[in-house]
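Biologist: Could you walk me through the charged pairs here?
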Amino acid sequence: MTSQTLQYSTRQAWDDQIAHTTEMFFEADRLEAAAYNIIESYSGDTATWARFSQAKQTADRQRAAAHQEWMRIQQAMRN
């Protein structure tokens, strides 16, 4: 019984971490979509471009963090 509980707990812990990482990727997608919404009607003004650039950088950082977390999980699961 204890062995089964431990196996379930370990599997559930991995599932929870993977679910959190998936949420991080979805958030990156949402941020990127918001960034592109900024320039939907871009007319060449620098203020709009600056807002887009900042928003896109935020999305890129989120995606990089999600990818790094995903790679950490993959590595840990192999060990």
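Modeller: Happy to! This is a predicted model, where local features need pLDDT of at least 70, side-chain atom pairs count only at pLDDT 80 or more, and totals for chains, interfaces and linings use all residues. Residues are numbered from 1 along each chain as its sequence is written, and side-chain values use heavy atoms, with hydrogens and water left out.

Biologist: How many salt bridges does the structure hold?

Modeller: Side chains of opposite charge can pair when their charged atoms come close. A salt bridge here is a side-chain nitrogen of Lys or Arg within 4 Å of a carboxyl oxygen of Asp or Glu. By that rule, the number of salt bridges is six.

Biologist: How many residues apart in sequence are the parts that R63 and D29 tie together?

Modeller: Their side chains meet in a salt bridge at 3.0 Å, N to O. R63 sits in helix α2 (residues 46–78) and D29 in helix α1 (residues 2–38), so the parts joined are apart in sequence by 34 residues. Helices are DSSP runs (H or I, at least four residues), numbered from the N terminus, and the separation asked for is 34 residues.

Biologist: Is K56 buried or exposed?

Modeller: K56 forms a salt bridge with E32, at 3.1 Å from N to O. Buried means under 20% relative accessible area, exposed over 50%, and partly exposed in between (1.4 Å probe, protein chains only). With a relative accessible area of 17%, K56 is buried.

Biologist: Which residues are linked in a network of salt bridges?

Modeller: R63 also forms a salt bridge with E32, their closest N and O atoms being 3.7 Å apart. The linked residues are D29, E32, K56, D60 and R63.

Conventions
Helices (H or I, at least four residues) and strands (E, at least two) are DSSP runs, numbered from the N terminus.
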